[in-house]
Amino acid sequence: MAASPTNPYSEAGVDTAAGDLAVELMKSSVRATHGPEVLGGVGGFAGLFDASALRDFRRPLLATSTDGVGTKVAIAQAIDKHDTIGQDLVGMVVDDIVVVGAKPLFMTDYIACGKVYPQRIADIVRGIAEACSATGTALVGGETAEHPGLLGPRDYDVAGAATGVVEADAILGADRVQDGDAVIAVASSGLHSNGYSLVRHIITGAGISYGDNAADFGTTWGEALLEPTRLYTLPLLRLIEQLGDSTGVGGVHALSHVTGGGIAANLARVLPQGSWAEVDRSTWSPSPVFRVLSDIAGSTLESAEGTWNLGIGFLAVVAADKKDAAIAALNAEGMPSWQVGTVGFGPRPAGEFEQGAKGVDGGAVRLVGAYADGAK
């Protein structure tokens with residue numbers, strides 16, 4: 001009897017059967033994000049999205065964003081928990097689109113791994129799909145690539161890209177910001193997905209294992225540090241509409257997603273040149289996770305302001321006469337919000353400010369005062 005033929009690709013470390021099983025396990029989660037605009041189902045070479053609704057726009061502009069989760073995935077791998085990292089990905093990608101006032105349409109994802117473990121891939125994609133549903137985004141396609149020899153068998157990384165749409169005359173941004181506008185903070189759920197290289201450095205240096213009990217949080221360290229990124233898209237889109245005028249723009253002038261670079265740098269990106277704002281630390285108390293990590297490191301919260309969000313996930317720059325309505329609306333959405341500052345266009349106070357960031361020559365921002373001691 002002749003020997004069964006071998007599979008050279010399998011011998012090289014790529015298991016196509018495992019990849020097919022992963023797709024089968026994730027199908028129902030992905031389909032749950034599909035409305036009538038999505039054509040072709042799961043598994044095609046390209047995702048198809050019916051854009052006929054854009055004909056109702058006066059001048060539709062497409063907004064796009066791409067990102068990953070960063071080294072937070074190392075913690076998910078360390079404790080073998082993969083069902084929340086997908087929400088982090090959607091938060092990093094889709095919530096960048098709403099910054100310009102755009103409504104997300106669809107998203108694609110990419111997972112690179114050393115070896116396909118079907119259930120693990122399905123857990124990751126299920127998290128992506130559930131977060132897509134929560135932000136009104138269709139998950140129209142993706143790719144899982146096995147890279148043996150480049151990544152370890154248990155290693156993986158995730159990335160994604162999303163596309164949204166906004167009317168040309170409804171774009172939010174620095175050109176709408178006015179003297180006296182209020183700067184409203186919207187609370188984060190924790191670390192979100194930035195600054196994890198510093199987090200891991202602190203944890204490793206302290207000899208802490210991710211499986212160790214974290215008395216301050218009532219969970220293991222790994223579980224506490226995997227708290228998923230809060231999703232802001234739909235509450236912010238509803239806020240824009242609620243405070244808008246006939247063009248869809250009114251009380252909300254600019255939005256900033258507080259990610260890498262921290263509060264001051266990300267706010268400066270959406271303020272116009274010549275403007276400035278002081279963010280008052282005394283208006284909130286950073287979440288316990290930030291305080292505990294800073295204490296372990298023997299550092300101050302202020303020293304991490306260029307790395308962590310320190311309790312603020314989004315900033316909204318709104319008309320002064322709309323600030324109370326904005327705060328009330330966001331709080332009603334379960335998004336704790338409060339005023340942290342005011343935009344000025346005149347001479348700014350003496351001292352050092354951060355001016356623009358990420359190649360944007362925007363406004364000037366600095367944090368002032370001392371953080372509140374109690375919980376906000």
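1. D109 has G142 as its bridge partner, and G142 lies in β5. The coordinates come from a predicted model, and the points below should be read with that in mind.

2. Strand β4 covers residues 103-113 and is joined to β5 by eight bridges. The two strands run parallel.

3. These strands belong to an open sheet of four strands, ordered β3-β6-β4-β5. Pairing within the sheet is mixed. At the edges are β3 (60-68) and β5 (138-146), each of which pairs on one side only. From one strand to the next, the twist averages 15 degrees.

4. Turning to the helices: two packed helices are described by the angle between their axes and the distance between the axes. For helix α4 (residues 85-97) and helix α5 (residues 118-134), the axes come within 6 Å and cross at roughly 45 degrees. Because of that angle, α4 is oblique to α5. The crossing of the pair is right-handed.

5. Which residues of α4 and α5 make the contact? On the α4 side they are I85, G86, Q87, L89 and V90. On the α5 side they are I124, G127, I128, A131 and C132.

6. By class, the residues in the contact of α4 with α5 comprise seven nonpolar and three polar, with no charged residue. Anyone checking the helix pair can therefore take the oblique arrangement of α4 and α5 together with the right-handed crossing as its description.

Note on methods. Residues numbered from 1 in each chain as written. Predicted model: local features only at pLDDT ≥ 70, side-chain atom pairs only at ≥ 80, totals over all residues. Heavy atoms only, no water. Axes fitted to C-alpha atoms, helices over the stretch in contact; angles between N-to-C directions. Parallel < 35°, antiparallel > 145°, perpendicular 65-115°, else oblique. Left-handed = near helix turned anticlockwise from the far one by under 90°. Contact = heavy atoms within 4.5 Å. Nonpolar A, V, L, I, M, F, W, Y, C, P; charged D, E, K, R; others polar. Pairing = 2+ DSSP bridges.
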